[in-house]
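Please open the model in your viewer and keep the selection tool at hand.

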Amino acid sequence: MKRFWLLFSQTVTVLLAVIFVVSTLKPQWLIFVPRSAGHLTLLEAPASATQQRPAGSLSEASRIASPSVVSINTSKNAKRHHKGDPWFRFFNGDPNEQDLSGLGSGVIVSPQGYILTNHHVVEEADGIEVVLHDGRKAIAKVIGIDPDTDLALLKIELDKLPAIVLGNPEKLLVGDVVLAIGNPFGVGQTVTSGIVSALGRNHLGINTFENFIQTDAAINPGNSGGALVDVNGHLMGINSAIYSRSGGSMGIGFAIPVSTAKTVMDSLLKDGKVTRGWLGIEPTELSPESAQAFGIVPNGPSGQLPQGVMIAGVLQNGPAAKAGLKPGDVITQVSEHPVRNVSELLSRVAALQPGTASTLVILRDNKLVELTVNPGTRPLSSASKPR
């Protein structure tokens with residue numbers, strides 16, 4: 001009997017020693033040992049286990065880019081903006097006692113405090129407050145705006161600002177993974193992911209000059225002016241608009257490429273405005289009906305219309321009129337660059353240097369004619385003005 005108890009005690013001692021050594025040196029071997037907590041049995045990972053991000057995680061891109069994205073709070077004086085408006089008074093009360101407010105996002109693009117955002121975020125704002133990712137706040141000054149691309153450049157006076165790295169949207173491909181970072185609905189900074197759904201989107205009627213990156217990353221009200229970044233955390237675009245029937249994200253969002261934003265920013269820094277070329281014409285897409293009305297003969301036996309944009313109207317004494325352009329002319333090239341639609345024509349003309357002679361190739365009486373035009377300076381955006 002004594003030998004039995006001696007053997008038992010030795011066995012228990014050895015087992016306890018083994019458990020002690022394993023729990024000290026290799027606790028992960030005991031990961032499946034249940035631990036009782038009251039009436040619950042829990043399985044816990046060991047605290048010493050190395051936590052590695054799973055393959056495909058976008059946390060690093062978010063970590064890099066998020067500090068550069070800011071929230072923008074704007075205020076408008078209701079009395080100034082709705083003075084004498086009976087409908088506003090009926091639905092919202094006395095404007096003397098109210099201030100209008102708005103929410104949006106922005107991106108720090110320079111350590112000197114320059115921030116890119118959308119024009120519609122800060123439009124007519126009397127006060128602009130910028131809230132950084134680290135909680136700091138600052139009052140922003142508007143350096144310049146460009147309604148034609150819906151961009152605005154702000155500046156704040158703070159030190160140690162985390163500027164984002166500008167990427168190259170020309171290298172983006174449909175299907176590439178992107179992140180949208182902003183302040184949707186004012187809930188605080190939010191990161192959503194998706195892919196590039198399309199490139200070069202235009203004819204949307206959102207801006208005068210359109211060359212959007214389309215994405216299905218969730219973009220909601222408040223995301224405007226925020227960042228669209230790639231998997232490296234580099235800025236690819238400024239989130240600008242969504243297509244929605246409900247007011248929320250439906251998987252169709254649009255961002256202004258950072259290449260466009262940089263061009264606008266450089267002009268705003270240099271001149272406080274964006275200077276673009278202007279011809280003083282009213283362009284329209286070339287349709288079979290308009291071609292027939294002006295006697296334009298289709299090309300070849302297939303009956304395909306010539307490539308170009310028809311002039312529907314010419315502003316009197318404008319640059320185009322002085323160069324000899326007439327309604328019914330079809331512009332096929334601007335400074336040796338072919339044009340296929342109105343959007344392309346606007347972009348090509350806008351890139352011309354005002355006052356510097358440029359060449360146009362037009363189709364007139366079914367013959368190609370080369371004209372020289374001295375572009376003017378494009379007026380501020382207005383739906384009623386010729387382009």
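Begin at the largest pocket, which holds about 720 Å³ of space. Here a pocket is an open set of points on a 1 Å grid over the protein atoms alone, where a 1.4 Å probe fits, with protein on both sides within 12 Å along at least five of seven lines; lining residues have an atom within 4 Å of a point. Select Thr263, Arg276, Ser347, Ala350 and Ala351, the closest to the pocket's centre of the 30 lining residues. This is a predicted model, in which local features need pLDDT of at least 70 and side-chain atom pairs count only at pLDDT 80 or more, while totals for chains, interfaces and linings use all residues. Residues are numbered from 1 along each chain as its sequence is written, and side-chain values use heavy atoms, without hydrogens and water.

Next, select α6, which gives the most to the lining of the largest pocket, with eight residues. Within helix α6, lysine 262 and aspartate 266 are four residues apart, about one helical turn. They form a salt bridge with closest N and O atoms 3.4 Å apart; the term requires a side-chain nitrogen of Lys or Arg within 4 Å of a carboxyl oxygen of Asp or Glu.

Now move to arginine 276, whose side chain meets that of aspartate 146 in a salt bridge (2.7 Å, N to O). That pair links distant parts of the chain, 130 residues apart, with arginine 276 in the loop between α6 and β16 and aspartate 146 in strand β8.

Definitions and conventions. Points joined across faces, edges and corners; volume = space filled by probe spheres on them. Helix = DSSP H or I, 4+ residues; strand = E, 2+ residues; numbered from the N terminus.
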